[in-house]
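Please work through the following exercises with the model at hand, trying each task before reading its solution.

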Amino acid sequence: MERVKKIFHNGKEIIYVDYSNVKKEEEMIEIMKAHKAMVLKDNKKHLFCADYTGSYTPSEYMKEAKLFVNETKNLTIKGAFLGITGAK
């Protein structure tokens, strides 16, 4: 999936997850599942950056995200979230 890819910055591998301008809940969940699949397939500690610019996070996505965090927290070193402006 083009919205989930590995990038390199300052010699570090980062999983970049692009949620920007996504308006459909199903698409957000699909992107998150691709992120999860990549993390579990690699099965190694990782950094990630998720860009939420111009999107919103529906309630069902948030439920899925909590499950994702619980299943992958032992493999996550740090994460960054871009484009979050507050509750709408």
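**Exercise 1.** What covers the buried residues of H1?

Solution. The model is a predicted one, in which local features need pLDDT of at least 70 and side-chain atom pairs count only at pLDDT 80 or more, while totals for chains, interfaces and linings use all residues. Residues are numbered from 1 along each chain as its sequence is written, and side-chain values use heavy atoms, with hydrogens and water left out. Begin with the buried residues (under 20% relative accessible area, with a 1.4 Å probe and protein chains only): in H1 they are Met28, Ile29, Ile31, Met32, His35, Met38 and Val39. Their cover includes strand E1 (4–9), strand E2 (12–18), strand E3 (46–51) and H2, where helices (H or I, at least four residues) and strands (E, at least two) are DSSP runs numbered from the N terminus.

**Exercise 2.** Determine how H1 and H2 are oriented to each other.

Solution. The axes of H1 (residues 25–42) and H2 (residues 59–72) lie 9 Å apart, at an angle of about 5 degrees. Because angles under 35 degrees count as roughly parallel, H1 and H2 are roughly parallel to each other.

Definitions and conventions: Axes are lines fitted to C-alpha atoms, for helices over the stretch in contact, and angles run from 0 to 180 degrees between N-to-C directions. Angles under 35 degrees count as roughly parallel, over 145 as roughly antiparallel, 65 to 115 as roughly perpendicular and the rest as oblique. Buried means under 20% relative accessible area, exposed over 50%, partly exposed in between (1.4 Å probe, protein chains only). Contact means heavy atoms within 4.5 Å.
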